[in-house]
Amino acid sequence: MGLQEKVLKQYFELMKRPTFKEMSSDTGIQVTRIFRLFNKAPMKLEEFQIFEKRVKELSGMSSTLEDMAYECSISLGAEAVRDLESYLLRKLELWRLKQINTYYNDAKQIG
Amino acid sequence: MEKGLLLIERFIIESLSKKDMNIQELAIQTKLDHGLLLNILPNLMMRNMIQYKRGTYSLNRLEGQKWISQINKKEFLKEEVKDVFQSLVNNYFKEEVAKNSDLKVQKIWLTKDEELTFNSHLKGLENFFKNVKESRLRKAENERLFEQKVVIWGHMSYGDIVNEILEAV
């Protein structure tokens with residue numbers, strides 16, 4: 001799954017399965033364009049940034065995961081860093097296993 | 001790179017340790033979606049843990065010694081137990097879901113005598129589980145893996161818990 005699909009899926013879930021119209025008024029992107037993006041039209045950089053920003057806002061992230069990960073990697077001890085790496089890796093592996101099911105089921109429902 | 005199992009992978013391995021199964025039987029045992037099973041099973045096949053023959057999945061017992069000792073390494077088991085704990089805690093504190101789990105945490109100072117009583121209760125609990133397992137070997141129940149209960153217990157001094165937390169950063 002590419003970055004575009006990831007961000008759309010996260011946004012869709014965090015917004016609790018909104019309609020195209022709701023997504024349009026939330027992001028300021030035209031309804032027809034939203035429809036196309038969900039049907040895999042390539043996303044422009046500024047559109048990606050809008051969705052990414054909303055995902056961060058909706059998940060209540062005050063600083064980005066990337067910032068926090070960097071700070072942890074330079075501040076925490078080796079074992080604590082290994083713990084975090086292992087935790088993230090397991091989350092990611094599980095997410096990968098779930099992908100083929102969930103994304104396309106969601107896409108079918110909104111398409 | 002050496003790696004352990006995700007809990008969901010162990011779930012499937014444990015199902016197949018009861019008997020060989022096709023995908024439908026595995027779905028009944030685990031209550032997992034077919035699509036998800038079809039994502040996980042090839043991974044386990046590539047790691048030589050399971051085999052697929054004429055529509056049936058089975059454990060690769062020929063190479064069992066090798067992969068079982070690998071997945072049961074201390075560092076990998078630790079991660080799986082953490083996942084169990086986390087799932088139990090998350091599920092217990094979920095507000096929107098009807099409670100189908102229980103979690104008790106007690107902080108209590110015990111005298112020597114009380115500690116002996118406590119240890120004997122723990123021993124009683126362990127014996128109970130041992131007896132249940134033995135009775136299943138004598139008379140198998142028609143149980144499905146997803147219906148199994150997962151029970152966790154343990155204890156540690158409050159100070160050691162705090163110290164471990166402080167050391168783990």
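This is a predicted model: local features need pLDDT of at least 70, side-chain atom pairs count only at pLDDT 80 or more; totals for chains, interfaces and linings use all residues.
**Chain B: overall build**

- Chain B contains 7 helices and 2 strands, and along the sequence they follow the pattern α-α-α-β-β-α-α-α-α.
- For 169 residues, a compact globule would have a radius of gyration near 15 Å, but the value for chain B is 19 Å.
- Taken along the principal axes, the box filled by the C-alpha atoms of chain B is roughly 60 × 45 × 40 Å.
- Of the 169 residues in chain B, 9% are buried.
- If you take the contacts in chain B between residues at least 6 apart in sequence, 55% of them join residues at least 24 apart.

**Between the chains**

- Chain A brings 13 residues into contact with 11 residues of chain B.
- The side of chain A that touches chain B is made up of 5 nonpolar, 3 polar and 5 charged residues.

**Chain A: helix 1**

- Helix 1 covers residues 3–14 of chain A, and at 1.5 Å a residue its 12 residues should span 16 Å; the end C-alpha atoms are 16 Å apart, so expectation and model agree.
- Its buried residues are A:V7, A:L8 and A:F12.
- After helix 1 of chain A comes A:K16, which has a positive phi, near 60 degrees.

**Chain A: helix 4**

- The 14 residues of helix 4 of chain A should span 20 Å at 1.5 Å a residue, and this agrees with the 20 Å between its end C-alpha atoms.
- Buried in helix 4 of chain A are A:E47, A:F51 and A:V55.
- Looking down the axis of helix 4 of chain A, you will find its buried residues within an arc of 75 degrees, so they line one face of the helix.
- An α-helix has 3.6 residues a turn, so residues three or four places apart point the same way.
- The face of helix 4 of chain A turned away from the buried side carries the exposed residues A:L45, A:E46, A:Q49, A:K53 and A:E57.
- The packing partners of the buried residues of helix 4 of chain A are helix 1, helix 2 (20–27) and helix 3 (31–38) of chain A.
- Helix 4 of chain A is followed by A:G60, with a positive phi near 65 degrees.

- A:E47 sits in helix 4 (residues 45–58) of chain A.
- With 20 other C-beta atoms within 10 Å, A:E47 counts as buried, because the cut-off is 20 or more.
- Leaving aside residues up to four places away in sequence, A:E47 touches A:I29 and A:L37.
- A:E47 and A:Y11 are 36 residues apart in sequence, and their C-alpha atoms are 12 Å apart in space.

Notes: Residues are numbered from 1 along each chain as its sequence is written. Chains are lettered from A and ligands numbered from 1 in the order in which they are written. Helices (H or I, at least four residues) and strands (E, at least two) are DSSP runs, numbered from the N terminus. The expected span of a helix is 1.5 Å times one less than its number of residues. A residue is buried if 20 or more other C-beta atoms lie within 10 Å of its own, exposed if 12 or fewer, and partly exposed in between; C-beta atoms are placed from the backbone. Two residues are in contact if their C-beta atoms, placed from the backbone, lie within 7 Å. Ala, Val, Leu, Ile, Met, Phe, Trp, Tyr, Cys and Pro count as nonpolar, Asp, Glu, Lys and Arg as charged, and the others, Gly among them, as polar. The radius of gyration is taken over C-alpha atoms; the globule rule is 2.2 Å times the number of residues to the power 0.38. The arc is that of the directions from the helix axis to the C-beta atoms.
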